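Welcome, and thanks for taking a look at this one with me. Here are a few numbered notes to read alongside the picture.

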Amino acid sequence: MNNYFAATPSPNKRNPRWPDDLHVVALAGGVGGAKLAAGLQAVLPPGALSVIVNTGDDFEHWGLTICPDLDTVLYNLAGVNNPETGWGRADESFAVLHAMGLLGGEDWFRLGDRDLAVHLRRAEWLRQGLSMTEITDRLRRSFGIRSTILPMSDAPVRTLVHTDEGDLPFQHYFVGRRCEPCVIDISFVGAAESELPDAAYAALTAADVIVFCPSNPYLSLDPILSVDGMRALLRKVRAPKVAVAPIVGGKALKGPAAKMMREMGYPVTPVTIAAHYDDVLDGFVLDREDAAAAGHVRMPALVTDTIMSDLESKARLAEAVLDFAAPLIPRLRQPTTPTHARATVG
Ligand code: FO1
C-alpha cells in the first residue's frame with residue numbers, strides 16, 4: 001500500500017551526514033504537516049519517524065468521533081490521500097453522504113465512503129475502551145505505514161474559535177463557515193486536563209531532532225503545545241527543535257493562517273511565526289522568497305525552497321531540514337565523520 005519507497009530520491013538509505021539510528025519526531029496538523037511528514041518518511045529509514053498529531057480539530061459527527069488531522073497524516077503516509085484536497089482519500093465516493101442528505105442529516109462535512117470505514121472502525125475500538133494512541137497504531141499498521149503516528153492526547157481536546165460572530169467549534173468555523181468570521185482568539189477546551197500519552201512522551205524524550213511542520217501555528221501546532229506539560233518538556237529535551245515556516249511571501253501555504261494573522265493584528269511574515277515559538281525553537285526554516293526576513297529571526301535560520309508540490313519536493317525539504325538540524329544535535333550523537341557545518345542557505 002505504501003508507495004513512497006520506490007519514488008524517493010535517496011530511498012531510505014542511511015545518510016552519512018546524520019547520526020546512525022536517528023530518531024525524528026514531527027509535530028503536525030493537517031495537510032501542510034502531513035506533506036512534510038511524508039517527505040521525512042521518504043528520507044529516513046523505516047521506523048525512524050514518529051509524528052505527533054493535533055487532535056484539537058476532532059469532533060463528534062453522525063455519532064462518531066472524527067479525527068481529521070490524524071486521518072490526513074495516516075492517508076498521506078500511506079500514500080492513499082486525495083492529491084487535490086490533501087485531506088480525505090483518493091478515489092473516494094460519497095454515496096453515504098448523499099443518502100444522509102436525503103434523510104435530512106448533516107451533509108456540510110464531506111465524509112467519503114472509504115473514509116467512513118476508518119471512522120466506524122475507530123468508533124468500534126473507542127466503544128471497546130481502547131485509547132486513541134492504541135487505535136491510531138492499529139490503523140497505521142492496517143495501512144502498512146512504518147512510521148509511528150501518535151495523537152497529542154488520549155483525552156478529548158477541542159479547539160474553540162472566538163470570532164466576531166461568537167464562539168465556533170473548530171470544524172464549524174473551518175468547514176461550516178469557510179473561515180469567514182473574524183478571529184479574535186482561540187482556546188483549547190480540555191487542554192489543561194489533558195496529558196501527553198506515554199508513547200508520545202517516550203518518542204519526544206528519545207528524539208534526536210524535533211521538527212515543527214509547516215502547519216497553521218495557531219490552529220494546528222498551538223493545540224499540541226497546549227497539552228499540559230508539553231511546552232516545558234520541549235524546553236527540557238536536548239534534541240534540537242526546528243520549525244518550518246507555513247507563511248511564504250505574505251501568504252499561507254494552505255488554509256487561513258495569513259487571514260487569521262491579519263485579524264489578530266500580527267504582521268504576516270515568517271518572523272512572526274519564529275517569534276511565536278521563540279521559547280522552544282533552536283532553528284527556523286524559511287523560504288527563499290523570504291530570504292530578507294532570515295536576519296530578523298532570533299535563532300539560526302535556513303533559507304531554502306519550502307513549497308512541497310510532489311514527493312520529490314517533500315523529500316528534498318525533509319532532507320534540507322535534517323541537514324540543518326544535524327549539526328545542532330548534542331555532540332555525543334554526531335556522525336563519526338562530520339561533513340557539514342551549520343547551514344544558512346540550502
Ligand atoms: N475540509 C473541508 O474544507 N471540507 C470538508 O468537507 C472536509 C471534510 C473532511 C473529511 C474528513 C477529513 O479527515 C478531513 C476533512 N476536511 C474537510 C479537512 C479538515 O476539516 C481540515 O483539513 C482540518 O481539520 C484542518 O487541519
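1. A pocket, as the word is used here, is an open set of grid points with protein on both sides within 12 Å along at least five of seven lines, worked out on a 1 Å grid over the protein atoms alone. The largest pocket is the space taken by the ligand. Please keep in mind that this is a predicted model.

2. Who surrounds the ligand? The shell has 14 residues, and the closest are Asp57, Asp69, Phe109, Arg110 and Gln171.

3. The largest share comes from α7, with 4 residues.

4. The side chain of Asp69 has an N or O atom 2.8 Å from an oxygen atom of the ligand. Gln171 also places a side-chain N or O atom 2.8 Å from a ligand oxygen, whereas for Arg110 a backbone N or O atom lies 2.8 Å from an oxygen atom of the ligand. Taken alone, the ligand exposes 530 Å², and the protein buries 89% of that.

5. Finally, have a look at the aromatic rings, where the count comes to 7 pairs. In one of them, Phe59 and Phe109 have ring centres 4.8 Å apart and planes at 75°, so the pair is edge-to-face; the cut-off for that label is over 60 degrees. Phe59 lies in strand β3 (residues 59-61) and Phe109 in the loop between α4 (95-102) and α5 (113-127), so this pair ties together parts that are 50 residues apart in sequence.

Notes:
Residues are numbered from 1 along each chain as its sequence is written. This is a predicted model: local features need pLDDT of at least 70, side-chain atom pairs count only at pLDDT 80 or more; totals for chains, interfaces and linings use all residues. Side-chain values use heavy atoms; hydrogens and water are left out. A residue is near a molecule or strand if one of its heavy atoms lies within 4 Å of it. A polar contact is a pair of N or O atoms within 3.5 Å; within protein, one must be able to donate a hydrogen and the other to accept it, and residues adjacent in sequence count only if both atoms are side-chain atoms. Accessible areas come from the Shrake-Rupley method with a 1.4 Å probe; for residues, only the protein chains shown count as cover. On a 1 Å grid over the protein atoms alone, a cavity is a set of points where a 1.4 Å probe fits but cannot get out, and a pocket is an open set with protein on both sides within 12 Å along at least five of seven lines; lining residues have an atom within 4 Å of a point. A molecule sits in a cavity or pocket if more than half of its atoms lie within 2 Å of its grid points. Helices (H or I, at least four residues) and strands (E, at least two) are DSSP runs, numbered from the N terminus. Rings of Phe, Tyr and Trp (its six-membered ring) pair if their centres lie within 6.5 Å; planes under 30 degrees apart count as stacked, over 60 as edge-to-face and the rest as tilted.
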